[in-house]
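Subject: Structure handover

Hello,

Here is the structure I said I would pass on. My notes on it come after the file.

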Amino acid sequence: MTRFYVLFLLLTAFSQQVTYGQQMIDYNQIIAPLDSPAVDFKEYLVQLAWINSPEGAIAAAEVLNAEDKNKNTRKEWMRDIQATVNLNEANLRSGSTAGGNIFFPRYNFGLNLNIYNVLTQKPKNDIGKREIEIAKFKVNQQKLTIRAETLSRYAEFQMTQEVLKSRRLVEQETRSAFVLIEQQYRTDDKTFEDYSTASAAWYKAQEERIRAENEMTQAKIRLEQVIGIFWEQVNHASKR
């Protein structure tokens, strides 16, 4: 029974490791390397947003800062090393004089070393490594944020474009209906109530079209904010 339980735990742990390995994020797929072409227009926008992101640049600079700091930290143990050399002048003078007093040694060599810095160097190095990893995690977190924000705003912009197309079509249809009913009203084929209803429908359609235009403009501004350039400046074959 005990053997079976141990075997079960081992198999469970192994299966979890496999599962976790399959779920690891490839951050080169979150944002494709800038030296490789984007596979489609959406990925191009994500790359564009990452290039122009101040937050992304800050996160990348923090990695460099952590790496430079770690390099300096690894050398800290040498900072307090002091070497001293003392020459015995009397000894040097008496060396050429017979019967002179000779003092040994002819010179003294000393080395001062801060043992505390030596003993604590490895933990400091470990902290430096962790700070580098933390900085890299922040870069990856920023990649996730930029990707989600870019795709979300682009989807919103696309939706407002389609809504505006629909509102314009409805406005054209209600206008055509209003013009027809207006003509029929003048020949007494339609009542004033019919005329008023058609007129109100047309004005409502105009209002909804204006509102849709404003929503599309706002969505465009929000997208431009994250990609860093005006929508009109985006140059890609799949742009629409």
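The notes below go from confidence to overall make-up and then to single residues.

This is a predicted model, in which local features need pLDDT of at least 70 and side-chain atom pairs count only at pLDDT 80 or more, while totals for chains, interfaces and linings use all residues. Residues are numbered from 1 along each chain as its sequence is written, and side-chain values use heavy atoms, with hydrogens and water left out.

Confidence. The mean pLDDT (the predictor's confidence in each residue, from 0 to 100) of the protein chain is 81, and 74% of the residues reach 70 or more. The pLDDT is below 50 over residues 4-11, a stretch with zero contacts (heavy atoms within 4.5 Å) beyond near neighbours in sequence.

Make-up. The protein chain has eight helices and two strands, where helices (H or I, at least four residues) and strands (E, at least two) are DSSP runs numbered from the N terminus. Their order from the N terminus is α-α-α-α-β-α-β-α-α-α. Of the 240 residues, 25% are buried (under 20% relative accessible area; exposed is over 50%, partly exposed in between; 1.4 Å probe, protein chains only). Of the contacts between residues at least 6 apart in sequence, 71% join residues at least 24 apart.

Helix α8. This helix (residues 192-227) has 36 residues and reaches 52 Å from its first C-alpha to its last, close to the 52 Å expected at 1.5 Å a residue (the expected span is 1.5 Å times one less than the number of residues). Gly228 follows α8 and has a positive phi, near 90 degrees.

The α7-α8 loop. Asp188 lies in the loop between α7 and α8. Its phi is positive, about 65 degrees, although Asp188 is not a glycine. Asp188 counts as exposed, at 69% relative accessibility.

Aromatic rings. The structure holds 11 aromatic pairs (rings of Phe, Tyr and Trp, the last by its six-membered ring, with centres within 6.5 Å; planes under 30 degrees apart are stacked, over 60 edge-to-face, the rest tilted). Phe41 and Tyr154 form an edge-to-face pair, 5.6 Å centre to centre with 70 degrees between the planes. Phe41 is in helix α3 (residues 41-51) and Tyr154 in helix α7 (residues 121-186), so the pair ties together parts 113 residues apart in sequence. Both Phe41 and Tyr154 are buried. Ring pairs also link Phe178, Tyr185, Phe192, Tyr195, Trp202 and Tyr203 into a cluster.

Regards
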